[in-house]
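Visitor: I would like to learn how to read this structure. Where do we start?

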Amino acid sequence: MASKKSEGLARGAALIKKSIEAAKASGAIDSPEAVPAGVLKKLRLPNDEKISPAMKELLSFDATWIGWSFDDEEPEFEPMSLEEFVEEELGEEAAASFGEAAELLGEDCIPLPSDGEAHSFLYIGSADERGEYPVITLEAGGKVSGFVPFDVWVAQRLGALEKGELPEAYKAVCQALAEENADGRVNFVSEARDAADRDDDDEGEDEDEDEEGDDEDEDDDE
């Protein structure tokens, strides 16, 4: 059920239709290649959920602009972890600067087209009330921002909405997605954490679990 804050907003398939018209007018997508209807029917997100009506609307028109392609028989996305995404987009040396973000955002990431120094991905964590997952953007130095619903992100990139700061009406939607998927911060600089530090933390947790198991065994013996 739509909240009062999001009522009246252009969203979903209707917003994508406006985005497609804007792309046609500007030439942003000049040679569209639609994903066949039979493929879209079988396509599932990495969490096995169906794609949203907005994504279906976009892919029914074109998939090349967004950089996706699918096998006709077994269509699937190619997700990766946030750490893998950082290494691929920003280099292995950048992984440590996104250590905190990698801990917060542990679900699958689907790469999206970069925009200059901004590298974005669709985060398959928790969707909003319209079934849209957040697009999160990373920049060098551990900068994390966005949590913009997929349909809104597409509209910004294709010209149906202005780039930059979103209208106030959309900000509440981004805030809700930040709260559902992370710790509520829509924009933050990730704390740097080395892989060795994360391994030490994991080992500490394992040791605590082992100690708890030993205590339970002693209680059983008594």
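**Reading the buried cysteines and the cores**

Guide: Start with Cys174, which is buried, with a relative accessible area of 5%. Keep in mind that this is a predicted model.

Visitor: What relative accessible area does Cys109 have, and is Cys109 buried or exposed?

Guide: The cut-off for buried is under 20%. Cys109 has a relative accessible area of 0%, so Cys109 is buried.

Visitor: How many disulfides does the model have?

Guide: The test is a pair of cysteine sulfur atoms within 2.5 Å. By this rule the count is 0.

Visitor: What is the average pLDDT of the protein chain?

Guide: pLDDT is read as the predictor's confidence in each residue. Here the chain averages 89, and 84% of the residues score at least 70. Residues 1–5 fall below 50. That stretch has 6 contacts in the model beyond near neighbours in sequence.

Visitor: Which residues have the most contacts inside the largest nonpolar core?

Guide: They are Met55, Leu59, Trp68, Phe77, Leu122 and Phe150, in a core of 41 residues. At least two residues of this core come from each of H1 (12–26), H2 (37–42), H3 (53–61), H6 (150–158) and H7 (168–181), all helices, and from strand S2 (119–124). Helix H6 gives the most, with 6 residues.

Visitor: Which residues does Leu59 touch?

Guide: Set aside residues up to four places away in sequence. Leu59 then touches Ala34, Val35, Leu40, Leu43, Ile51, Trp68 and Phe70.

Definitions and conventions:
Residues numbered from 1 in each chain as written. Predicted model: local features only at pLDDT ≥ 70, side-chain atom pairs only at ≥ 80, totals over all residues. Heavy atoms only, no water. pLDDT = per-residue confidence, 0-100. Contact = heavy atoms within 4.5 Å. Buried < 20%, exposed > 50% of the residue type's maximum accessible area, 1.4 Å probe, protein only. Core = buried A, V, L, I, M, F, W, Y, C linked by side-chain atoms within 4.5 Å. Helix = DSSP H or I, 4+ residues; strand = E, 2+ residues; numbered from the N terminus.
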